[in-house]
Amino acid sequence: MFDYFLSLHPIMQAFIAGLFTWGCTIFGSSFVYFFKTVNRKLLDMMMGFAGGVMIAASFWSLLAPALEYAEADYGSLAWLPAAIGFLLGGFFIRLIDYVVPHLHLSKPIEEAEGMQPKKGLSKSMLLFLAITIHNIPEGLAIGVTFGALATQVPGVDASIMGAIGLAIGIGLQNIPEGSSLSLPIRGEGHSRWKAFWYGSMSAVVEPIAAVIGAAFVLSMTAILPYALAFAAGAMIFVVVEELIPESQSNGNTDIATLSLMVGFVVMMVLDVALG
């Protein structure tokens, strides 16, 4: 089975990896069938863990390779495309945050950015939009990482295991992400099926974004360092804007911080060991 996966085109590999991370979200969303509520401390631990995974992935799986790819064309200025791409990734997510009405998990509905409660969007939909927005950079990260496998850059050894490690890391952090959406929706009084559906579909964008990212990189290999850094910047923006504040907003700061460190180490080990 693994040999068959290796024989596939990078775009198909990216699509399958995106399906895997979506499946992890579905698994996390299924917790709504087994639990009525989520323990706040446990949720903060999971959010912290997810933040650590994404920070580590942003560096080892995205920024470091971006610098390696850029060195071939930019030499001592290899930092330039990495810096530009990283900042563009953050601005991209901020733009989506501004345009699309959604609700930050750590804020009451009245403070949702870019909307007024009178527009009629339910809190469930706002939560769904928030997590869906933040799943886009994860899918892009998977796509550009697998797309990089098809490039032939002297001095750069793109690793299939590194790309798989990134997908595993994102999948791990998607599990608590799915439950963090479905369980609160259930707590609002909605049915388990509706809560599960919202949680599951919040990550449907990941395989789509993965295919887009891989195809874009394959069609224009010169943008690869920019694309990798772009995905890293978008992921870091999500972590700093959403995951860390949410994990720290309920008094569980120490355990959430330690969980972030554990998540960082797990992703670091995955990337270094598999890469």
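**A tour of the helical chain**

Begin by selecting Y226, which is partly exposed, with a relative accessible area of 24%; here buried means under 20% relative accessible area, exposed over 50%, and partly exposed in between, with a 1.4 Å probe and protein chains only. What you have open is a predicted model, in which local features need pLDDT of at least 70 and side-chain atom pairs count only at pLDDT 80 or more, while totals for chains, interfaces and linings use all residues. Residues are numbered from 1 along each chain as its sequence is written, and side-chain values use heavy atoms, with hydrogens and water left out.

Zoom out to the whole chain, which has 10 helices and zero strands, where helices (H or I, at least four residues) and strands (E, at least two) are DSSP runs numbered from the N terminus. Of its 275 residues, 50% are buried.

Next, colour the rings of Phe, Tyr and Trp: the whole structure holds 10 aromatic pairs, a pair being two rings (for Trp, the six-membered one) with centres within 6.5 Å, called stacked if the planes are under 30 degrees apart, edge-to-face if over 60, and tilted otherwise. Y74 belongs to helix α3 and Y226 to helix α9 (residues 224-248), so the pair ties together parts that are 152 residues apart in sequence. Y74, at 29% relative accessibility, is partly exposed.

Then select Y33, W193, F196 and W197, which ring pairs link into a cluster.

From Y74, move to L77, which sits in the loop between α3 (40-74) and α4 and is partly exposed at 42% relative accessibility. Helix α4 (residues 79-99) gives the largest share of the patch, four residues.

Finally, select residues 195-217, one of the spans that an unreviewed UniProt entry lists as "transmembrane region"; the end C-alpha atoms lie 36 Å apart, and the span is 87% helix and 0% strand. UniProt positions follow the numbering used here, feature names are shortened, and annotations may be inferred rather than shown by experiment.
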